[in-house]
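Dear colleague,

Please find below the structure that I am handing over to you. My findings follow it.

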Amino acid sequence: MFGYVTPCKMELKIKDYEKFKAYYCGLCKSIKINIGNLPRMALNYDMTFLAILLDSLNDIDPIYTKQKCGIHAFKGKVVIKNNSCLDYAAFCNTALSYYKFLDNVNDDNSVKSKIFSLLFKNYLKKVPTDFKKHITHIENILTNLYKLENNAVDSSIDSLAHHFADLTGFILSSYNNDDNKESLYWLGYNLGKWIYIIDAFDDLKDDMSHDKFNAVNFCFNKDNLCYEEFSKQIQQRIDFILGTCAAQCMNTFKKLPIKKNEELLYNILQYGLLDKMDKVFKRGVYKDEKSI
Amino acid sequence: MKNPYEVLEIKETASKDEIKKAYRTLAKKYHPDQYGNNPLKDLAESKMRDINEAYDYLMKNGGTNTYTNGSSANYTSSNSSTYQSVENDIYNGNLSSAESRLMGINTRDAEWHYLMGILNSRKGWYDQANTNLSTACSLDPNNFKYQEALNKLRGMNNSYRQPYYDNRRKDPDICNICASLYCLDCLCGGGNC
(Lines give C-alpha, C1' and ligand atoms only; values in the text may rest on other atoms or scores of the structure.)
Protein backbone atom coordinates (compact mmCIF):
# COMPACT_ATOMS: atom_id res chain seq x y z
CA MET A 1 0.00 0.00 0.00
CA PHE A 2 2.96 2.28 0.42
CA GLY A 3 5.50 4.28 -1.49
CA TYR A 4 3.45 6.66 -3.63
CA VAL A 5 4.35 9.95 -1.98
CA THR A 6 7.72 10.85 -3.47
CA PRO A 7 9.32 13.90 -5.07
CA CYS A 8 9.28 14.30 -8.83
CA LYS A 9 12.99 13.83 -9.34
CA MET A 10 13.25 15.76 -12.58
CA GLU A 11 11.81 18.91 -11.02
CA LEU A 12 13.95 18.58 -7.88
CA LYS A 13 16.95 20.75 -7.02
CA ILE A 14 20.09 18.76 -6.30
CA LYS A 15 20.18 20.07 -2.72
CA ASP A 16 16.60 18.95 -2.13
CA TYR A 17 17.39 15.58 -3.67
CA GLU A 18 20.29 15.18 -1.25
CA LYS A 19 18.09 16.31 1.64
CA PHE A 20 15.42 13.79 0.76
CA LYS A 21 18.02 11.01 0.67
CA ALA A 22 19.41 12.15 4.03
CA TYR A 23 15.95 11.94 5.59
CA TYR A 24 15.34 8.58 3.95
CA CYS A 25 18.61 7.15 5.26
CA GLY A 26 18.00 8.85 8.59
CA LEU A 27 14.65 7.08 8.88
CA CYS A 28 16.31 3.76 8.13
CA LYS A 29 18.93 4.41 10.82
CA SER A 30 16.28 5.48 13.31
CA ILE A 31 14.41 2.22 12.76
CA LYS A 32 17.65 0.35 13.37
CA ILE A 33 18.46 2.22 16.58
CA ASN A 34 14.96 2.40 18.07
CA ILE A 35 13.39 -0.81 16.90
CA GLY A 36 15.74 -3.24 15.26
CA ASN A 37 17.42 -4.34 12.07
CA LEU A 38 14.71 -6.41 10.49
CA PRO A 39 11.95 -3.76 10.34
CA ARG A 40 14.28 -1.68 8.14
CA MET A 41 13.13 -3.82 5.22
CA ALA A 42 9.72 -2.17 5.47
CA LEU A 43 11.18 1.33 5.06
CA ASN A 44 9.10 3.43 2.71
CA TYR A 45 8.87 6.82 1.04
CA ASP A 46 5.49 7.82 2.48
CA MET A 47 6.90 7.73 5.99
CA THR A 48 9.90 9.76 4.82
CA PHE A 49 7.45 12.41 3.68
CA LEU A 50 5.80 12.26 7.11
CA ALA A 51 9.13 12.86 8.85
CA ILE A 52 10.11 15.72 6.54
CA LEU A 53 6.74 17.44 6.91
CA LEU A 54 6.72 17.23 10.71
CA ASP A 55 10.35 18.24 10.99
CA SER A 56 9.73 21.26 8.76
CA LEU A 57 7.34 22.72 11.31
CA ASN A 58 10.08 23.39 13.86
CA ASP A 59 13.15 25.55 13.38
CA ILE A 60 15.76 23.23 14.88
CA ASP A 61 18.59 22.69 12.39
CA PRO A 62 18.93 19.02 11.44
CA ILE A 63 22.25 17.32 12.23
CA TYR A 64 23.82 15.75 9.15
CA THR A 65 26.56 13.12 9.48
CA LYS A 66 28.24 10.71 7.10
CA GLN A 67 27.69 7.09 8.01
CA LYS A 68 28.20 3.65 6.60
CA CYS A 69 25.69 0.87 6.80
CA GLY A 70 25.23 -2.73 5.77
CA ILE A 71 23.35 -1.93 2.60
CA HIS A 72 25.74 0.75 1.39
CA ALA A 73 28.82 -0.93 2.82
CA PHE A 74 31.59 0.89 0.98
CA LYS A 75 30.31 4.36 0.46
CA GLY A 76 29.31 6.64 3.30
CA LYS A 77 25.81 8.12 3.17
CA VAL A 78 24.72 11.47 4.49
CA VAL A 79 22.24 10.82 7.25
CA ILE A 80 20.13 12.96 9.55
CA LYS A 81 20.44 11.81 13.13
CA ASN A 82 18.93 12.42 16.57
CA ASN A 83 15.69 13.69 15.15
CA SER A 84 12.48 13.03 17.05
CA CYS A 85 10.31 13.37 13.93
CA LEU A 86 12.30 10.60 12.29
CA ASP A 87 11.84 8.45 15.40
CA TYR A 88 8.09 9.07 15.30
CA ALA A 89 8.03 8.11 11.60
CA ALA A 90 10.09 5.02 12.41
CA PHE A 91 7.46 3.79 14.88
CA CYS A 92 4.62 4.56 12.48
CA ASN A 93 6.44 2.73 9.70
CA THR A 94 6.85 -0.38 11.81
CA ALA A 95 3.31 -0.33 13.18
CA LEU A 96 1.74 0.12 9.75
CA SER A 97 3.89 -2.62 8.21
CA TYR A 98 2.85 -4.99 10.97
CA TYR A 99 -0.84 -4.44 10.25
CA LYS A 100 -0.17 -4.71 6.53
CA PHE A 101 1.39 -8.15 7.07
CA LEU A 102 -1.54 -9.12 9.23
CA ASP A 103 -3.92 -8.09 6.46
CA ASN A 104 -1.95 -10.14 3.94
CA VAL A 105 -2.27 -13.16 6.20
CA ASN A 106 -6.04 -12.69 6.31
CA ASP A 107 -6.25 -12.05 2.59
CA ASP A 108 -4.36 -14.97 1.13
CA ASN A 109 -2.85 -16.82 4.04
CA SER A 110 0.66 -16.09 2.80
CA VAL A 111 3.31 -17.90 4.84
CA LYS A 112 5.87 -15.18 4.30
CA SER A 113 3.53 -12.53 5.73
CA LYS A 114 2.69 -14.78 8.64
CA ILE A 115 6.33 -15.08 9.62
CA PHE A 116 6.92 -11.35 9.27
CA SER A 117 3.81 -10.45 11.21
CA LEU A 118 5.02 -12.59 14.12
CA LEU A 119 8.48 -11.05 14.00
CA PHE A 120 7.14 -7.51 13.75
CA LYS A 121 4.79 -8.14 16.63
CA ASN A 122 7.79 -8.65 18.87
CA TYR A 123 9.40 -5.48 17.67
CA LEU A 124 6.25 -3.53 18.40
CA LYS A 125 6.67 -4.32 22.07
CA LYS A 126 9.67 -2.02 22.01
CA VAL A 127 7.74 1.15 21.31
CA PRO A 128 7.83 3.80 24.04
CA THR A 129 4.80 4.06 26.31
CA ASP A 130 3.56 7.36 24.96
CA PHE A 131 3.21 5.71 21.57
CA LYS A 132 1.17 2.77 22.88
CA LYS A 133 -2.14 4.58 22.59
CA HIS A 134 -1.30 5.51 19.00
CA ILE A 135 -0.93 1.81 18.25
CA THR A 136 -4.29 0.97 19.79
CA HIS A 137 -5.90 3.70 17.72
CA ILE A 138 -4.21 2.58 14.50
CA GLU A 139 -5.32 -0.96 15.19
CA ASN A 140 -8.94 0.11 15.74
CA ILE A 141 -9.14 2.06 12.51
CA LEU A 142 -7.53 -0.69 10.45
CA THR A 143 -9.75 -3.36 11.97
CA ASN A 144 -12.76 -1.31 10.90
CA LEU A 145 -11.35 -0.91 7.40
CA TYR A 146 -10.66 -4.62 6.95
CA LYS A 147 -14.07 -5.47 8.33
CA LEU A 148 -15.68 -3.11 5.86
CA GLU A 149 -13.63 -4.49 2.97
CA ASN A 150 -14.63 -8.03 3.81
CA ASN A 151 -18.32 -7.34 4.35
CA ALA A 152 -18.85 -4.42 2.01
CA VAL A 153 -22.37 -4.47 0.68
CA ASP A 154 -23.22 -1.18 -0.89
CA SER A 155 -20.31 1.07 -0.08
CA SER A 156 -19.17 4.09 -2.01
CA ILE A 157 -15.53 4.72 -2.77
CA ASP A 158 -15.66 7.68 -0.38
CA SER A 159 -16.85 5.61 2.56
CA LEU A 160 -14.34 2.82 1.84
CA ALA A 161 -11.44 5.26 1.58
CA HIS A 162 -12.59 7.09 4.70
CA HIS A 163 -10.90 4.75 7.18
CA PHE A 164 -7.47 4.87 5.61
CA ALA A 165 -7.82 8.64 5.15
CA ASP A 166 -8.79 9.02 8.80
CA LEU A 167 -5.80 6.89 9.80
CA THR A 168 -3.37 9.01 7.80
CA GLY A 169 -4.94 12.16 9.25
CA PHE A 170 -4.45 10.73 12.71
CA ILE A 171 -0.81 9.85 12.09
CA LEU A 172 0.05 13.25 10.63
CA SER A 173 -1.67 15.16 13.40
CA SER A 174 -0.67 13.13 16.47
CA TYR A 175 3.05 13.86 16.69
CA ASN A 176 2.40 16.65 19.12
CA ASN A 177 -0.51 18.81 20.14
CA ASP A 178 -0.03 22.21 18.65
CA ASP A 179 -2.00 24.74 16.65
CA ASN A 180 -1.37 22.90 13.42
CA LYS A 181 -3.25 19.79 14.49
CA GLU A 182 -6.37 20.57 12.48
CA SER A 183 -4.55 21.48 9.27
CA LEU A 184 -2.29 18.44 9.56
CA TYR A 185 -5.31 16.18 10.02
CA TRP A 186 -6.99 17.59 6.92
CA LEU A 187 -3.78 17.29 4.88
CA GLY A 188 -3.40 13.73 6.12
CA TYR A 189 -7.04 12.88 5.45
CA ASN A 190 -6.75 13.95 1.81
CA LEU A 191 -3.34 12.39 1.34
CA GLY A 192 -4.49 9.11 2.86
CA LYS A 193 -7.48 9.04 0.58
CA TRP A 194 -5.22 9.75 -2.37
CA ILE A 195 -2.91 6.86 -1.37
CA TYR A 196 -5.79 4.43 -0.82
CA ILE A 197 -7.40 5.15 -4.18
CA ILE A 198 -4.25 5.38 -6.30
CA ASP A 199 -3.08 2.11 -4.76
CA ALA A 200 -6.39 0.45 -5.57
CA PHE A 201 -6.27 1.67 -9.17
CA ASP A 202 -2.63 0.65 -9.53
CA ASP A 203 -3.41 -2.87 -8.29
CA LEU A 204 -6.63 -3.14 -10.30
CA LYS A 205 -5.29 -5.46 -13.01
CA ASP A 206 -3.59 -7.73 -10.52
CA ASP A 207 -6.51 -7.87 -8.12
CA MET A 208 -8.99 -8.55 -10.91
CA SER A 209 -6.95 -11.39 -12.33
CA HIS A 210 -6.49 -12.95 -8.89
CA ASP A 211 -10.07 -12.26 -7.90
CA LYS A 212 -9.03 -10.26 -4.83
CA PHE A 213 -10.93 -7.40 -3.22
CA ASN A 214 -10.26 -4.10 -4.91
CA ALA A 215 -12.03 -0.95 -3.81
CA VAL A 216 -12.25 0.59 -7.30
CA ASN A 217 -13.50 -2.62 -8.87
CA PHE A 218 -15.97 -3.17 -6.06
CA CYS A 219 -17.49 0.31 -6.12
CA PHE A 220 -17.69 1.01 -9.83
CA ASN A 221 -17.60 -2.19 -11.85
CA LYS A 222 -21.33 -2.93 -11.61
CA ASP A 223 -21.46 -4.50 -15.09
CA ASN A 224 -18.56 -6.87 -14.46
CA LEU A 225 -16.51 -5.49 -17.31
CA CYS A 226 -13.08 -6.90 -18.07
CA TYR A 227 -10.01 -4.98 -16.90
CA GLU A 228 -9.26 -3.22 -20.22
CA GLU A 229 -12.76 -1.87 -20.71
CA PHE A 230 -13.37 -1.06 -17.08
CA SER A 231 -10.12 0.80 -16.44
CA LYS A 232 -10.69 2.95 -19.52
CA GLN A 233 -14.23 3.72 -18.43
CA ILE A 234 -13.43 4.61 -14.84
CA GLN A 235 -10.13 6.44 -15.31
CA GLN A 236 -11.60 9.93 -15.59
CA ARG A 237 -13.65 9.55 -12.44
CA ILE A 238 -10.68 8.27 -10.42
CA ASP A 239 -8.53 11.04 -11.86
CA PHE A 240 -11.05 13.60 -10.62
CA ILE A 241 -11.06 12.23 -7.06
CA LEU A 242 -7.26 11.97 -6.92
CA GLY A 243 -6.78 15.45 -8.35
CA THR A 244 -9.22 16.96 -5.86
CA CYS A 245 -7.53 15.22 -2.91
CA ALA A 246 -4.11 16.38 -4.08
CA ALA A 247 -5.38 19.92 -4.60
CA GLN A 248 -6.68 19.96 -1.03
CA CYS A 249 -3.30 18.72 0.26
CA MET A 250 -1.60 21.57 -1.58
CA ASN A 251 -4.07 24.17 -0.29
CA THR A 252 -3.64 22.99 3.29
CA PHE A 253 0.14 22.84 2.94
CA LYS A 254 0.15 26.51 1.91
CA LYS A 255 -1.52 27.41 5.21
CA LEU A 256 1.05 25.63 7.40
CA PRO A 257 3.86 27.65 9.01
CA ILE A 258 6.69 25.81 7.25
CA LYS A 259 10.12 26.71 8.66
CA LYS A 260 12.38 24.71 6.33
CA ASN A 261 12.43 22.26 3.39
CA GLU A 262 9.65 24.25 1.76
CA GLU A 263 10.75 23.65 -1.82
CA LEU A 264 11.18 19.94 -1.25
CA LEU A 265 7.70 19.60 0.22
CA TYR A 266 6.25 21.77 -2.53
CA ASN A 267 7.86 19.50 -5.09
CA ILE A 268 6.32 16.40 -3.53
CA LEU A 269 2.80 17.79 -3.28
CA GLN A 270 2.74 19.80 -6.51
CA TYR A 271 4.76 17.66 -8.93
CA GLY A 272 5.34 14.34 -7.19
CA LEU A 273 1.70 13.41 -6.75
CA LEU A 274 0.72 14.40 -10.30
CA ASP A 275 3.74 12.59 -11.69
CA LYS A 276 2.65 9.42 -9.89
CA MET A 277 -0.84 9.82 -11.29
CA ASP A 278 0.55 10.10 -14.83
CA LYS A 279 2.57 6.99 -14.17
CA VAL A 280 -0.36 4.97 -12.84
CA PHE A 281 -2.69 6.16 -15.62
CA LYS A 282 0.10 5.57 -18.17
CA ARG A 283 -0.28 8.97 -19.78
CA GLY A 284 1.97 11.93 -20.55
CA VAL A 285 5.59 10.81 -20.65
CA TYR A 286 4.65 7.35 -19.42
CA LYS A 287 2.26 6.67 -22.30
CA ASP A 288 4.43 4.42 -24.41
CA GLU A 289 6.26 2.80 -21.58
CA LYS A 290 6.16 -0.95 -21.25
CA SER A 291 5.19 -2.10 -17.81
CA ILE A 292 8.26 -2.66 -15.73
CA MET B 1 -34.15 42.68 0.01
CA LYS B 2 -35.62 44.19 -3.14
CA ASN B 3 -39.23 43.63 -4.05
CA PRO B 4 -39.15 40.11 -5.51
CA TYR B 5 -41.99 40.83 -7.95
CA GLU B 6 -40.11 43.78 -9.37
CA VAL B 7 -36.89 41.79 -9.65
CA LEU B 8 -38.63 39.03 -11.57
CA GLU B 9 -40.63 41.56 -13.60
CA ILE B 10 -44.01 39.97 -12.84
CA LYS B 11 -47.38 40.97 -11.37
CA GLU B 12 -48.07 40.32 -7.70
CA THR B 13 -50.86 37.99 -8.73
CA ALA B 14 -48.53 35.77 -10.74
CA SER B 15 -49.00 32.03 -10.35
CA LYS B 16 -46.23 29.64 -9.40
CA ASP B 17 -45.84 28.60 -13.02
CA GLU B 18 -45.55 32.20 -14.13
CA ILE B 19 -42.91 32.86 -11.50
CA LYS B 20 -40.96 29.83 -12.68
CA LYS B 21 -41.23 30.94 -16.28
CA ALA B 22 -40.08 34.47 -15.49
CA TYR B 23 -37.22 33.10 -13.45
CA ARG B 24 -36.03 30.86 -16.29
CA THR B 25 -36.11 33.64 -18.83
CA LEU B 26 -34.16 36.01 -16.61
CA ALA B 27 -31.68 33.36 -15.51
CA LYS B 28 -30.89 32.62 -19.15
CA LYS B 29 -30.43 36.28 -19.87
CA TYR B 30 -28.17 37.06 -16.93
CA HIS B 31 -26.25 33.86 -16.36
CA PRO B 32 -22.69 35.09 -15.74
CA ASP B 33 -21.04 32.20 -17.59
CA GLN B 34 -21.97 33.63 -20.94
CA TYR B 35 -20.16 36.88 -20.21
CA GLY B 36 -16.67 35.34 -20.12
CA ASN B 37 -14.21 38.04 -19.10
CA ASN B 38 -16.53 40.81 -20.08
CA PRO B 39 -16.69 43.57 -17.41
CA LEU B 40 -20.45 43.13 -17.40
CA LYS B 41 -19.93 39.78 -15.68
CA ASP B 42 -19.87 41.30 -12.19
CA LEU B 43 -23.08 43.13 -12.90
CA ALA B 44 -24.69 39.97 -14.19
CA GLU B 45 -23.56 38.13 -11.08
CA SER B 46 -25.17 40.58 -8.71
CA LYS B 47 -28.32 40.66 -10.83
CA MET B 48 -28.35 36.85 -10.78
CA ARG B 49 -28.08 36.87 -6.99
CA ASP B 50 -31.12 39.15 -6.75
CA ILE B 51 -33.04 36.92 -9.12
CA ASN B 52 -32.20 33.79 -7.14
CA GLU B 53 -33.10 35.45 -3.88
CA ALA B 54 -36.41 36.72 -5.22
CA TYR B 55 -37.26 33.36 -6.72
CA ASP B 56 -36.42 31.48 -3.51
CA TYR B 57 -38.47 33.94 -1.50
CA LEU B 58 -41.52 33.65 -3.70
CA MET B 59 -41.30 29.87 -3.88
CA LYS B 60 -41.15 29.64 -0.11
CA ASN B 61 -43.72 32.26 0.81
CA GLY B 62 -45.88 33.65 -1.96
CA GLY B 63 -46.95 31.87 -5.08
CA THR B 64 -48.23 28.97 -3.04
CA ASN B 65 -51.54 30.57 -2.07
CA THR B 66 -53.45 30.14 -5.30
CA TYR B 67 -52.03 27.16 -7.12
CA THR B 68 -50.97 24.62 -4.56
CA ASN B 69 -53.04 23.01 -1.89
CA GLY B 70 -52.31 23.54 1.78
CA SER B 71 -50.52 20.31 2.61
CA SER B 72 -47.86 20.48 -0.04
CA ALA B 73 -47.28 24.16 0.73
CA ASN B 74 -46.62 23.23 4.34
CA TYR B 75 -44.28 20.55 3.21
CA THR B 76 -42.19 22.92 1.17
CA SER B 77 -41.91 25.46 3.93
CA SER B 78 -40.98 22.93 6.61
CA ASN B 79 -38.24 21.57 4.34
CA SER B 80 -36.92 25.01 3.65
CA SER B 81 -36.53 25.75 7.35
CA THR B 82 -34.66 22.47 7.76
CA TYR B 83 -32.47 23.46 4.82
CA GLN B 84 -31.70 26.72 6.55
CA SER B 85 -30.53 24.97 9.70
CA VAL B 86 -28.54 22.47 7.64
CA GLU B 87 -26.80 25.37 5.96
CA ASN B 88 -26.03 26.90 9.35
CA ASP B 89 -24.66 23.59 10.60
CA ILE B 90 -22.37 23.25 7.59
CA TYR B 91 -21.25 26.83 7.98
CA ASN B 92 -20.41 26.23 11.66
CA GLY B 93 -18.58 22.99 10.90
CA ASN B 94 -21.19 20.83 12.62
CA LEU B 95 -21.18 18.26 9.83
CA SER B 96 -22.70 15.29 11.62
CA SER B 97 -25.76 17.27 12.68
CA ALA B 98 -26.20 18.57 9.13
CA GLU B 99 -25.93 15.04 7.80
CA SER B 100 -28.51 13.55 10.14
CA ARG B 101 -30.94 16.37 9.34
CA LEU B 102 -30.51 15.80 5.60
CA MET B 103 -30.91 12.05 5.89
CA GLY B 104 -34.22 12.68 7.66
CA ILE B 105 -35.72 14.37 4.62
CA ASN B 106 -37.55 12.08 2.25
CA THR B 107 -38.37 14.34 -0.67
CA ARG B 108 -34.99 14.96 -2.22
CA ASP B 109 -35.18 17.96 -4.50
CA ALA B 110 -32.42 20.02 -6.13
CA GLU B 111 -31.72 21.95 -2.93
CA TRP B 112 -31.30 18.70 -1.00
CA HIS B 113 -28.73 17.44 -3.49
CA TYR B 114 -27.00 20.80 -3.44
CA LEU B 115 -26.66 20.80 0.35
CA MET B 116 -25.58 17.17 0.38
CA GLY B 117 -22.94 18.05 -2.20
CA ILE B 118 -21.61 20.93 -0.12
CA LEU B 119 -21.59 18.71 2.97
CA ASN B 120 -19.75 15.91 1.17
CA SER B 121 -17.10 18.20 -0.22
CA ARG B 122 -16.52 19.55 3.29
CA LYS B 123 -16.10 15.96 4.48
CA GLY B 124 -13.63 15.23 1.70
CA TRP B 125 -16.05 12.85 -0.04
CA TYR B 126 -15.47 14.35 -3.47
CA ASP B 127 -16.91 11.61 -5.63
CA GLN B 128 -20.27 11.80 -3.87
CA ALA B 129 -20.11 15.59 -3.79
CA ASN B 130 -19.63 15.62 -7.54
CA THR B 131 -22.61 13.30 -8.04
CA ASN B 132 -24.82 15.35 -5.69
CA LEU B 133 -23.98 18.69 -7.26
CA SER B 134 -24.42 17.33 -10.80
CA THR B 135 -27.84 16.03 -9.81
CA ALA B 136 -28.78 19.40 -8.31
CA CYS B 137 -27.76 21.11 -11.54
CA SER B 138 -29.68 18.73 -13.75
CA LEU B 139 -32.80 19.03 -11.59
CA ASP B 140 -32.63 22.80 -11.74
CA PRO B 141 -30.38 23.82 -14.64
CA ASN B 142 -30.98 27.54 -14.22
CA ASN B 143 -29.89 27.82 -10.63
CA PHE B 144 -26.72 29.83 -10.54
CA LYS B 145 -25.84 28.79 -6.98
CA TYR B 146 -25.76 25.08 -7.90
CA GLN B 147 -23.75 25.69 -11.03
CA GLU B 148 -21.26 27.80 -9.13
CA ALA B 149 -20.74 25.12 -6.47
CA LEU B 150 -20.16 22.47 -9.13
CA ASN B 151 -17.74 24.70 -11.02
CA LYS B 152 -15.87 25.42 -7.82
CA LEU B 153 -15.43 21.74 -7.04
CA ARG B 154 -14.22 20.94 -10.56
CA GLY B 155 -12.14 24.09 -10.84
CA MET B 156 -10.06 23.20 -7.79
CA ASN B 157 -8.71 20.24 -9.70
CA ASN B 158 -7.83 22.20 -12.83
CA SER B 159 -6.06 25.08 -11.13
CA TYR B 160 -4.00 22.64 -9.05
CA ARG B 161 -2.78 20.83 -12.18
CA GLN B 162 -1.83 24.01 -14.01
CA PRO B 163 1.79 24.45 -12.73
CA TYR B 164 2.57 20.81 -13.44
CA TYR B 165 1.31 20.84 -17.02
CA ASP B 166 2.82 24.25 -17.72
CA ASN B 167 6.21 22.90 -16.74
CA ARG B 168 5.79 19.86 -18.94
CA ARG B 169 4.82 21.96 -21.94
CA LYS B 170 7.81 24.27 -21.55
CA ASP B 171 10.25 21.41 -21.54
CA PRO B 172 9.01 18.48 -23.60
CA ASP B 173 12.42 16.88 -24.19
CA ILE B 174 13.41 16.77 -20.55
CA CYS B 175 10.28 14.82 -19.82
CA ASN B 176 11.22 12.13 -22.28
CA ILE B 177 14.56 11.77 -20.56
CA CYS B 178 12.69 11.64 -17.29
CA ALA B 179 10.60 8.73 -18.48
CA SER B 180 13.51 6.73 -19.79
CA LEU B 181 15.53 7.33 -16.64
CA TYR B 182 12.72 6.43 -14.34
CA CYS B 183 13.20 2.69 -14.51
CA LEU B 184 16.96 2.88 -14.16
CA ASP B 185 17.16 5.11 -11.17
CA CYS B 186 15.30 5.26 -7.93
CA LEU B 187 15.39 7.93 -5.28
CA CYS B 188 17.46 6.03 -2.78
CA GLY B 189 20.52 6.69 -4.91
CA GLY B 190 20.26 4.26 -7.79
CA GLY B 191 23.62 3.66 -9.41
CA ASN B 192 25.54 4.78 -6.37
CA CYS B 193 24.37 1.91 -4.25
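Phe91(A) has a relative accessibility of 8% and is therefore buried (buried: under 20% relative accessible area; exposed: over 50%; partly exposed: in between; 1.4 Å probe, protein chains only). This residue belongs to helix α3 of chain A, residues 84–108 (helices are DSSP runs of H or I with at least four residues, strands are runs of E with at least two, and both are numbered from the N terminus). Setting aside residues up to four places away in sequence, Phe91(A) touches Asn34(A), Ile35(A), Val127(A), Pro128(A) and Phe131(A), where a contact means heavy atoms within 4.5 Å. Between Phe91(A) and Leu27(A) there are 64 residues in sequence, and their C-alpha atoms are 9.9 Å apart in space.

Please note that this is a predicted model, in which local features need pLDDT of at least 70 and side-chain atom pairs count only at pLDDT 80 or more, while totals for chains, interfaces and linings use all residues. Residues are numbered from 1 along each chain as its sequence is written, chains are lettered from A and ligands numbered from 1 in the order in which they are written, and side-chain values use heavy atoms, with hydrogens and water left out.

Ser56(A) is found in the loop that joins α2 (45–55) to β1 (63–67). Beyond its neighbours within four places in sequence, its contacts are Pro257(A), Ile258(A), Lys259(A), Lys260(A), Asn261(A) and Leu265(A).

As to helix packing, α1 (residues 14–34) and α11 (residues 262–280) of chain A meet at an angle of about 85°, and their axes are 9 Å apart. The two helices, α1(A) and α11(A), are thus roughly perpendicular (65 to 115 degrees; under 35 is roughly parallel, over 145 roughly antiparallel, and the rest oblique). Asp16(A), Lys19(A) and Phe20(A) of α1(A) make the contact with Glu263(A), Leu264(A) and Ile268(A) of α11(A).

Turning to chain B, the secondary structure comprises 10 helices and 0 strands. Of the 193 residues in chain B, 43% are buried. Among contacts in chain B with a separation of 6 or more, 51% are between residues 24 or more positions apart.

Yours sincerely

Terms used. Axes are lines fitted to C-alpha atoms, for helices over the stretch in contact, and angles run from 0 to 180 degrees between N-to-C directions.
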